[in-house]
Amino acid sequence: MPIATTAPAPATPGGSDLSLAAVITEGWLHCVYQTFVDLDSGHVVAHEALLRGPARTRWASPLFLLDAARADGLLVDLEQASLRASVADASRLSDGRPITLFVNVEPTTLTERPEVVLEAIANRAPHVQVVVEITERALATDIAGVLAGAERLREAGCAIALDDVGVEPESLAFIPLLRPEVVKLDLRLLRSVNDVATQTVASAVRAYAEQSGAEVVAEGIETSDDLTRALVLGATLGQGWFWGRGERHFQTTVPQPERFRATPNGAILRATPYELLGRARRVRRAPKHLLLAQSHALELMAMQSQVPPLLLATFEHARFFTAATVARYVTMGRHLPFVGVFGIDMPRTPAPGVRGSALDPQDPLAAEWTVVVLGAHEAAALMARDLGDTGPDREREFEFVVTHDRGLVTAAAQSLVGRLARC
């Protein structure tokens, strides 16, 4: 039995010449709701809003709607209408019982027009918990913008779900950086469980979920065999026609809002890697020439990984990004999903395949030397601070820590990418 029935879908408009603008502005859009089912208990714990246009028109297909909206420059308007409709539906639950609602947002909306999402979710009823889904393809395109947008949503109480994971295996490196509260496996993985590539993706996601406590969703479950495959892939939640297609009502749920609680990272994004060490870490001192070997070892670790990680490094000033360093980083830029470097006067593209970020001389990061390797299975960092020596460069001393603490390495990477978002 449904716990509440939302308003019926709008009646089909007459004629076949209805424009997309009219579909959006005249109320012809609606959402249907597909369940998330706990694979252990069989309980419905959440719903996903799926956009639909008027039936028996060319706008009935959500893919057609999205493609047309992109072509006509109406994507933000379409998403705004979809968000408002789904949040309003969930808010109308007659008995006010808690409900978790997943909504889909295009990466460009998140990074360029986050106020559209924030305005829609601000109007939700107190019993409605919202999780915002973005696609994996957004990560490599604009990781800094995505991280900043995701943080704004978390501060507004929304957890983040990363959709289509596995489509681009190299994007696995970005998952621990974004730290989504929910990871949704691409539905094609369910059809290729015996493939080594699929198991590589599943292993990376499982490692992240075990470390972070994230939920893992298997999409496209249609049969009991699919359900077994989902369990093999490490899923905790499932979606698919096995439990019914999208409906205009919300199914009876067993509310578990704690599973989808947002975890903001704002304090981390405002710190530097060395500041994150705190007083609990034992700091050592060494000259630069001894730390160079450690830095090179981290670079080699990144290059030898089965699932390539991302690499971030600070150089104090662009003059320390020498020709020999450029040669190494060009090679890494060809093989790793993301390579970013920071320093005073650092150009935007200091080498092919390398993203540069210029630091303000007053930024505390300009006095730090950091190398961070973060991926599905690797987490390592050198975090050092210049002690201000004026002698020969290779003899300059640094306070430093080398760590494999995944939590600390992740925080260091987030703090660096947080600066990319402000550049």
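1. How many nonpolar, polar and charged residues does the lining of the largest pocket have? By class there are 15 nonpolar, ten polar and 16 charged residues, where Ala, Val, Leu, Ile, Met, Phe, Trp, Tyr, Cys and Pro count as nonpolar, Asp, Glu, Lys and Arg as charged, and the others, Gly among them, as polar.

2. The model is predicted, so that local features need pLDDT of at least 70 and side-chain atom pairs pLDDT 80 or more, while totals for chains, interfaces and linings use all residues. Residues are numbered from 1 along each chain as its sequence is written, and side-chain values use heavy atoms, leaving out hydrogens and water.

3. Of its 41 lining residues, Glu 48, Leu 50, Pro 62, Leu 63 and Asn 104 lie nearest the centre.

4. The second largest pocket has a volume of about 290 Å³, and among its 18 lining residues Lys 288, Leu 292, Phe 315, Phe 320 and Thr 325 are the closest to its centre.

5. Glu 316, a residue other than glycine, has a positive phi near 65 degrees and counts as buried at 10% relative accessibility (buried means under 20% relative accessible area, with a 1.4 Å probe and protein chains only).

Definitions and conventions:
Buried means under 20% relative accessible area, exposed over 50%, partly exposed in between (1.4 Å probe, protein chains only). On a 1 Å grid over the protein atoms alone, a cavity is a set of points where a 1.4 Å probe fits but cannot get out, and a pocket is an open set with protein on both sides within 12 Å along at least five of seven lines; lining residues have an atom within 4 Å of a point. Grid points are joined across faces, edges and corners, and a volume is the space filled by probe spheres set on the points.
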